[in-house]
Structure formats: C-alpha cells, structure tokens
Amino acid sequence: MKIALLGYGKMGKTIEKIAISRGHTIVIKTNDEDGYDITTADVAIDFSVPNAAFFNVVKCFKNGVPVISGTTGWLDNYKKAEALCQEENGAFIYASNFSLGVNIFFELNKQLAKMMSKLESYKVSMEEIHHTQKLDAPSGTAITLAESIISEHNTYTDWSLLSNKENTIPITAKRIEDVSGTHAVSYTSKTDTITIEHEAHNREGFALGAVIAAEWLQDKTGVYTMKDVLNIG
Ligand SMILES: NC(=O)C1=CN([C@@H]2O[C@H](COP(=O)(O)OP(=O)(O)OC[C@H]3O[C@@H](n4cnc5c(N)ncnc54)[C@H](OP(=O)(O)O)[C@@H]3O)[C@@H](O)[C@H]2O)C=CC1
Ligand SMILES: O=C(O)C1=N[C@H](C(=O)O)C[C@H](O)C1
C-alpha cells in the first residue's frame, strides 16, 4: 500500500516504521495542510493536530482516498466529517485510540459500567496521564471511556474535568514527562475501590492498530470504527 502520513510527529514517525516493516511504502509525509498530491496515496493516515484534522480528512474524501484519523481534540466536527464522507462516497475510520489493548479495555469499561449501574453505593471517577507535549485534555480515549459509561450507567449524564457535580463523571488529567498514555476508571464506595487500568508502554500499539485499520479500509467505502476492524465486543 502507498501511504500518506498527514502529520509526521511522534506518531507519524512510529507509524512509518511499522508500515515499512509490514511491506508498505510511505509516499507522503507532511506537517502542512498543502504542498502534496494526496491522489498519489492508496490510503492516508492522519495523526496531526486538533485544528488540522478536519481539513485533512475532508481533503481525502474529496479526492477518493480512504483515510484513518487518530488525531484527538477535534470531535466537535466529527459528525460533519461523517456526513461529508457519506456524501462524497469516501472511506473513514476515526478512533480516539487504535491500540488493541485499549479497544479491549473499552469493552471491559462498558461491561463494568453496566454492572455498576445497579450499585448506588459506588461513585465513578477517571484519571488519564500523558506526556507534557499533549495539546488536548482530557484525552480522546478518556472521553470515549466517559461516553460509554454515560450510555451504560443510569446515574451519569455528563463528564467534566475535576468536577464534583451530581451525575457528572469527574476526570483528572495529569501531564508527566514521557508517559505514552495511561487511563484508569475507578468505582469507589465507603468500603472499597474497584479500578480498571490500561497503561501503554510505548506508541507502537497505537501505530500498529492504525496501520491494520488502513489495510482493512483500503478497498472499502463508508464510515467504520475499530470495533469493525478488530471484530471484538
Ligand atoms: N488515536 C490514537 O491511537 C492516538 C492518537 N494520538 C493523537 O494523535 C495526534 C498526534 O500525536 P503526536 O504524534 O504525539 O503529536 P506530535 O505533536 O508529535 O505530531 C503532530 C504533528 O502534526 C503536525 N502538523 C501540524 N499542522 C499540520 C497539518 N495542517 N497537517 C498535517 N500535520 C500537521 C505537527 O507539525 P509541527 O510540529 O510542525 O506543527 C506535528 O509534527 C494527537 O492529537 C494525539 O492525541 C496519539 C497517539 C495515539
Ligand atoms: O496524545 C497522545 O499521546 C495520545 N493521545 C490519544 C488520546 O488523546 O486518547 C491516545 C493515547 O492515549 C495517546
């Protein structure tokens, strides 16, 4: 596959290494919104910045290039992107987290939320920890986890950074040098705490998941998720 890397930062470079090891060729690597011909690629992988992702994915839809986006912090525009993809007959996968481990964790989180919904004595809270260069907070993964809890648990209707409001999931976002990404969901009662946690040891799991998603998407049209790619849950 000929791959365009839209965003050639920490993730773009890790994806390049993994894509080459799986026999693919990188035909574009860019940190700019223009100055390249996207039609030279079979598939594009966007790991850029929040204010560039929407423009990048729409460019792919308009040029008939299937696109994977892992950029977080631009979800206000996700529904619009989804509609434009359908309109242009494009192919699109967005995931707040492409790693196999986190996608399993997403399923565990849903199951746990369903169980805990019946137990009023437990209150949920979340923590995410990332490296200090991260632009957005809370992380996209934390938002996905919180949205699943809201849909599976009767008590919660919203999430918020460090909130004590009723019916709101409090999320703590910590920034510590060199942390690839740690997410924890806890349920605390007066007597105990139940925690599930995922800790990424490096960026390779995210990158491998993104390349697998690109391989899966290359001949398709439509909007998909990592659940379709991994066939789990
Ligand atoms: N879904 C997932 O599994 C994962 C998602 N992420 C997300 O991916 C994104 C990138 O992460 P990471 O690689 O660590 O961040 P980096 O800051 O290392 O890389 C982002 C790159 O995007 C470049 N960029 C800026 N503007 C544009 C543009 N218009 N088009 C293309 N590229 C542009 C930046 O260039 P410059 O520095 O010159 O501005 C930079 O090189 C983040 O949103 C992060 O949250 C990260 C890991 C996993
Ligand atoms: O910026 C990062 O590094 C990461 N971002 C994603 C997110 O916001 O959830 C995924 C992963 O946790 C690493």
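Predicted model: local features only at pLDDT ≥ 70, side-chain atom pairs only at ≥ 80, totals over all residues.
Now the answer. H130 itself lies in strand β6, residues 123-130. Its relative accessible area is 7%. The cut-off for buried is under 20%, so H130 counts as buried.

Why pick H130? UniProt places the feature "active site" at H130 and K134. Bear in mind that the entry is unreviewed. In the model, H130 and K134 both belong to the lining of the largest pocket.

Next, the second annotation. UniProt, again in an unreviewed entry, places a "binding site" at G70, T71, T72, A95, S96, N97 and F98. These positions are spread over 29 residues of sequence. In space, though, they cluster, with a largest C-alpha distance of 11.6 Å. The lining of the largest pocket takes in G70, T71, T72, A95, S96, N97 and F98.

Let me take two of those residues in turn. G70 first.

G70 lies in the loop between β4, residues 67-69, and α3. Is it buried or exposed? G70 is buried, at a relative accessible area of 9%. Leave aside its neighbours within four places in sequence, and G70 is in contact with D46, F47, A95 and F98.

Now T72. This residue lies in the loop between β4 and α3 too. Its relative accessibility is 12%, so T72 counts as buried. Which residues does T72 touch, not counting those up to four places away in sequence? They are P50, Y94, S96, K134, D136 and G140. Look at K134 in that set: UniProt has it under "active site".

Last, the helices. Two packed helices are described by the angle between their axes and the distance between the axes. Here we have α2, residues 50-62, and α3, residues 78-87. Their axes come within 9 Å and cross at roughly 10 degrees. That makes α2 roughly parallel to α3. On the α2 side, the contact is made by F54, V57, V58 and F61. On the α3 side, it is K80, A81, L84 and C85. By class, that contact has 7 nonpolar residues, no polar ones and 1 charged.

Key
Residues numbered from 1 in each chain as written. Chains lettered and ligands numbered in written order. Heavy atoms only, no water. Axes fitted to C-alpha atoms, helices over the stretch in contact; angles between N-to-C directions. Helix = DSSP H or I, 4+ residues; strand = E, 2+ residues; numbered from the N terminus. Parallel < 35°, antiparallel > 145°, perpendicular 65-115°, else oblique. Contact = heavy atoms within 4.5 Å. Nonpolar A, V, L, I, M, F, W, Y, C, P; charged D, E, K, R; others polar. UniProt positions renumbered as here; feature names shortened; annotations may be inferred. 1 Å grid on protein atoms, 1.4 Å probe; cavity = no way out; pocket = protein on both sides within 12 Å on 5 of 7 lines; lining within 4 Å. Buried < 20%, exposed > 50% of the residue type's maximum accessible area, 1.4 Å probe, protein only.
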